[in-house]
Amino acid sequence: MPTKTLQIPTADGQADAFAAFPEHDGQHPGVLMYTDGFGIRPVLREMARELAGHGYYVLVPHLFYRHGPAPVTELPEHIGEEARPAVLARLMPLIEAHTADRVLRDADAYLRFLTAQPEVGAGPVAVTGYCIGGLLATRTAAAHPGRIAALAAFHGPVGADGPGSLSRITAEIHFGHAESDVTPEALGELDKVLDAAGVGYTSEIYPGTVHGFTMSDTDAFDPAALRLHWDRLLPLLGRTLTRS
């Protein structure tokens, strides 16, 4: 699977990024993939390659490029419960500094860069994200309703910006929630907002999961939930993105 390390010009500098795309020539639908707070690392590269293998150009930007290239902090091969507090203590100031204004400035740059790549076909793109990346994906879809055809977010705080933000989304949506992150009552309230927005969506709690269930390098990993994630994501992209 071809891959590239890239530099994305932004309003605040240069964001390093990883891209994966199909081996065969031609143009492919574009997907902007936002990482979780731990950032670009082997598991995210593998997920990007997996998605690219289904016929997509997948761009994975380094969220915290303002603080240096990825990785901004040393990560263990497995982010277990013993290592997690120390890693999060180093990353939380970066996450907190990544304001909504920064997110939207970066989203403009990422989408402009993605759609300009010679391997990416014309037409709308998709955006997906994990954990905090799920919120970033949701903000991106809300800010670019004409350019985003599909939004998928997994174990992310997708409702953090309130109903007003969600009401601006025109993309078809899939939200996959960790059981530990949302109650059935909260899910019902979120669904009411999506119903009022009039968008096509699925929004569900993945049974028996905890926050971070897609990430195989953490203790939260759930193989069955990762498979369900692909079972939801791939049909969504197939329905909404145009192939050359």
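These legends describe an overall view and several close-ups of a predicted protein model. Residues are numbered from 1 along each chain as its sequence is written. In this predicted model, local features need pLDDT of at least 70 and side-chain atom pairs count only at pLDDT 80 or more, while totals for chains, interfaces and linings use all residues; side-chain values use heavy atoms, with hydrogens and water left out.

View 1. Helices (H or I, at least four residues) and strands (E, at least two) are DSSP runs, numbered from the N terminus. The C-alpha trace spans about 45 × 45 × 35 Å along its principal axes. Of the 244 residues, 53% are buried. Buried means under 20% relative accessible area, exposed over 50%, and partly exposed in between (1.4 Å probe, protein chains only).

**View 2. Strand β5, residues 125-130.** In β5, 6 of the 6 residues are buried, so the strand is largely enclosed by the rest of the structure. One side carries Val125, Val127 and Gly129, and the other carries Ala126, Thr128 and Tyr130; all are buried.

**View 3. The strands that pair with β5.** Two strands pair if DSSP finds at least two bridges between them. β3 and β5 run parallel and are joined by 4 bridges; tyrosine 34 has glycine 129 in β5 as its bridge partner. β5 also pairs with β6 in the parallel sense, over 6 bridges. Alanine 126 has alanine 150 in β6 as its bridge partner, and tyrosine 130 stands opposite phenylalanine 154 in β6. Strand β6 (residues 148-154) is mostly covered, with 7 of its 7 residues buried.

**View 4. Helix α1, residues 42-52.** Its buried residues are Val43, Leu44, Met47, Ala48, Leu51 and Ala52. The buried residues of α1 pack against β2 (13-20), β3 (30-34), β4 (57-61), β5 (125-130) and α7 (223-240); contact means heavy atoms within 4.5 Å.

**View 5. Proline 118, in the loop between α3 (100-116) and β5.** Proline 118 is exposed, with a relative accessible area of 58%.
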